[in-house]
Amino acid sequence: MKQKIANIYEQIIQAKIDGQKLLAVLLDPDKIVWENLDHLLLKIKQSPATHIFVGGSIVQATILEELMTALKQKINLPVVIFPGDPSQISSQADAILFLSLLSGRNADYLIEYQVQAAPILKKTNLEVISTGYILIESGNETAVARVSKTQPLDRQDLDLVLATAQAGEMLGNKLVYLEAGSGAKEAVPLEMITLVAQNVEIPVIVGGGIVDLQGIQKAYTAGADLVVIGTAFENNSHFFEA
């Protein structure tokens, strides 16, 4: 297995300072067609991706470890866990987004799962990156909303979204993640991205509902520091060749 990639958060901060936009491909182990894995990894290597996020709402531990092994053997990009719950932790990854679902009021996703994960993470060398996770209404119920049993924030209520992001920053979150959700009908509003990006100091991640390269660029222009592509790439491994 290749040596771990260190200081991922510092690299994200430096990219923000330098004006370099980052791109993560999100892989859900439960959705991968395993006989096509080599082709998928080749397409990622040929893409402009700077990071790989791994996770999903429900992921079996054995599948997660199998995917991690393949990624670390064949791709030289930072691999970051994007966990749905404490079972989705692998010491093979380079880092983990230590998520707190700030948009919801389900205590399991605000603190309970974090408490369960802490002793597990202490036994690994994973870089732990505290992340304020904010789910935005996107026109349909997403897996995140269904599994977490929380309501997304109104996409029209920009002030509430901003206050939520700022609260996360004040609590010590290192990143803020604006999420429309996997398979969202509508992406995070561009004016929302701009408002948050202009009023927090920490890097802003945006994901969900982005279906083409123009959508990525619009999110960058609006102020996103890192854009996440999941479903669109899952459905079309030639996504970046358009």
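This is a predicted model: local features need pLDDT of at least 70, side-chain atom pairs count only at pLDDT 80 or more; totals for chains, interfaces and linings use all residues.
Colleague: In what order do the 8 strands close into a barrel?
Modeller: Strands here are DSSP runs of E with at least two residues, and helices are runs of H or I with at least four, numbered from the N terminus. Two strands pair if DSSP finds at least two bridges between them. The pairing in this barrel is parallel, and the order is 1-2-3-4-5-6-7-8.

Colleague: By what angle are neighbouring strands of this sheet turned against each other on average?
Modeller: Axes are lines fitted to C-alpha atoms, for helices over the stretch in contact, and angles run from 0 to 180 degrees between N-to-C directions. For the strands of this sheet the direction is ignored, and the average is 30°.

Colleague: Which residue in strand 8 stands opposite alanine 24?
Modeller: Strand 1 (residues 22-27) and strand 8 (residues 226-229) run parallel and are joined by 4 bridges. Opposite alanine 24 stands valine 228.

Colleague: Which residue is the bridge partner of alanine 95 in strand 5?
Modeller: Strand 4 pairs in the parallel sense with strand 3 over 2 bridges, and there alanine 95 is the partner of valine 80. Strand 4 is also joined to strand 5, again parallel, by 7 bridges. One of the pairings with strand 5 is isoleucine 96 with valine 128. For alanine 95, the partner in strand 5 is glutamate 127.

Colleague: How many of the 7 residues of strand 4 are buried?
Modeller: Buried means under 20% relative accessible area, exposed over 50%, and partly exposed in between (1.4 Å probe, protein chains only). Strand 5 is largely enclosed by the rest of the structure, because 7 of its 9 residues are buried. Strand 4 is likewise largely enclosed, since its buried residues number 6.

Colleague: Is serine 100 buried or exposed?
Modeller: Serine 100 has its place in strand 4. Leaving aside neighbours within four places in sequence, serine 100 is in contact (heavy atoms within 4.5 Å) with Tyr109, Leu110, Gln114, Thr131, Gly132 and Tyr133. Its relative accessibility is 14%, so serine 100 counts as buried.

Colleague: What is the handedness of the crossing of helix 6 and helix 7?
Modeller: The axes of helix 6 (residues 158-171) and helix 7 (residues 190-199) come within 10 Å and cross at roughly 35°. Residues making the contact include Leu158, Val161 and Leu162 of helix 6 and Met192, Leu195 and Val196 of helix 7. A crossing is left-handed if the near helix is turned anticlockwise from the far one by less than a right angle, and right-handed if clockwise. This crossing is right-handed.

Colleague: How far apart in space are tyrosine 220 and isoleucine 193?
Modeller: Tyrosine 220 has its place in helix 8 (residues 213-222) and counts as buried because its relative accessibility is 12%. Leaving aside neighbours within four places in sequence, tyrosine 220 is in contact with Lys21, Leu22, Leu23 and Val227. Tyrosine 220 and isoleucine 193 are 27 residues apart in sequence, and their C-alpha to C-alpha separation is 9.1 Å.

Colleague: Near what value is phi of lysine 149?
Modeller: Lysine 149 is in the loop between helix 5 (143-148) and helix 6, and counts as exposed at 69% relative accessibility. Asparagine 7, in the segment before helix 1, has a positive phi near 55° and counts as partly exposed at 41% relative accessibility. Lysine 149 is a residue other than glycine with a positive phi, near 55°.

Technical notes:
Residues are numbered from 1 along each chain as its sequence is written. Side-chain values use heavy atoms; hydrogens and water are left out.
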